[in-house]
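Me: Could you walk me through this structure, one question at a time?

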Amino acid sequence: MSFTTCLLVMLGGAIGTLARYVVSVVALPISRDLPWGTIMINVSGSFVIGLFGTLTLVHGRFPMPENARLFVMIGLCGGYTTFSSFSLQTLDLLRSGAMIRAGLNIGLSVLLCVIAVAAGHMIASHLNGGAVQIAQAAVEEEA
């Protein structure tokens, strides 16, 4: 871990956080019954990490240096996706007695995010000629 790597991850996190805020604000009008902004953020972030993580492997179609992968996968995606927001919003739904909406939020978020990461990976794997891995370093798996 170098100082440069830390700065790149931090910059990616800042950009991801700003993007998360913008999407959340834009989604407010449709988020009355469910936190659609958070769902959309988590699904799109899952897609990006699946696509980018596979396309940029050392033997991928667009190999990238480790710092670029860490910038996107840990910094950008880590700052952008909102699992803590998802958890808080689910708790609020549960505490207000909206059990069905809380269940929908959990089910949709988990299912759609797993589908999105799989779709991103499958597209990138196809472009890579069949790569099966996404992360190439243990630290990338923490994203």
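**Binding site, pockets and cysteines**

Reply: Happy to! UniProt, in an unreviewed entry, places the feature "binding site" at G78 and T81; its positions are given in the numbering used here, feature names are shortened, and annotations may be inferred rather than shown by experiment. This is a predicted model, where local features need pLDDT of at least 70, side-chain atom pairs count only at pLDDT 80 or more, and totals for chains, interfaces and linings use all residues. Residues are numbered from 1 along each chain as its sequence is written, and side-chain values use heavy atoms, with hydrogens and water left out.

Me: Where is G78 found, and is G78 buried or partly exposed?

Reply: G78 is found in helix α3, helices being DSSP runs (H or I, at least four residues) numbered from the N terminus. Buried means under 20% relative accessible area, exposed over 50%, and partly exposed in between (1.4 Å probe, protein chains only). With a relative accessible area of 37%, G78 is partly exposed.

Me: Which residues does T81 touch, not counting residues up to four places away in sequence?

Reply: T81 is found in the loop between α3 and α4 (83–95), and its relative accessibility of 23% counts as partly exposed. Contact means heavy atoms within 4.5 Å. Leaving out residues up to four places away in sequence, T81 touches R20, I41, N42 and G45.

Me: How is T82 placed, and is T82 buried or exposed?

Reply: T82 also has its place in the loop between α3 and α4. Not counting residues up to four places away in sequence, T82 touches R20, T38, I41 and N42. Its relative accessible area is 2%, so T82 is buried.

Me: How many residues line the largest pocket, and which element supplies the largest share?

Reply: About 270 Å³ of space lies in the largest pocket, a volume being the space filled by probe spheres set on the grid points, which are joined across faces, edges and corners. The lining has 15 residues, and N42, S46, T81, F83 and C113 lie nearest the centre. At least two lining residues each come from α2, α4 and α5 (99–128). The largest share, five residues, comes from α5.

Me: What is the make-up of the second largest pocket by class?

Reply: About 150 Å³ of space lies in the second largest pocket. Its lining residues include R20, T38 and T82, and α1 (3–27), α2 and α4 each supply at least two of the lining residues. By class, this lining has two nonpolar, seven polar and one charged residues.

Me: How many disulfides does a search of the whole structure find?

Reply: A disulfide is a pair of cysteine sulfur atoms within 2.5 Å. For C6, the nearest cysteine sulfur, that of C77, is 18 Å away, while for C113 the nearest, also that of C77, is 11 Å away. C6 is partly exposed at 34% relative accessible area, whereas C113 is buried at 14%. The number of disulfides found in the whole structure is zero.

Me: Where is M64 found, and which residues does M64 touch?

Reply: M64 is found in the loop between α2 (36–55) and α3 (66–80). At 35% relative accessibility, M64 counts as partly exposed. Not counting residues up to four places away in sequence, M64 touches F52, T56 and R69.

Me: What share of residues 70–88 is helix?

Reply: UniProt, in an unreviewed entry, places the feature "transmembrane region" at residues 35–58, 70–88 and 100–119. For residues 35–58, the end C-alpha atoms lie 37 Å apart and the span is 83% helix. For residues 70–88, the end C-alpha atoms lie 27 Å apart, and the helix share is 89%.

Note on methods: 1 Å grid on protein atoms, 1.4 Å probe; cavity = no way out; pocket = protein on both sides within 12 Å on 5 of 7 lines; lining within 4 Å. Nonpolar A, V, L, I, M, F, W, Y, C, P; charged D, E, K, R; others polar.
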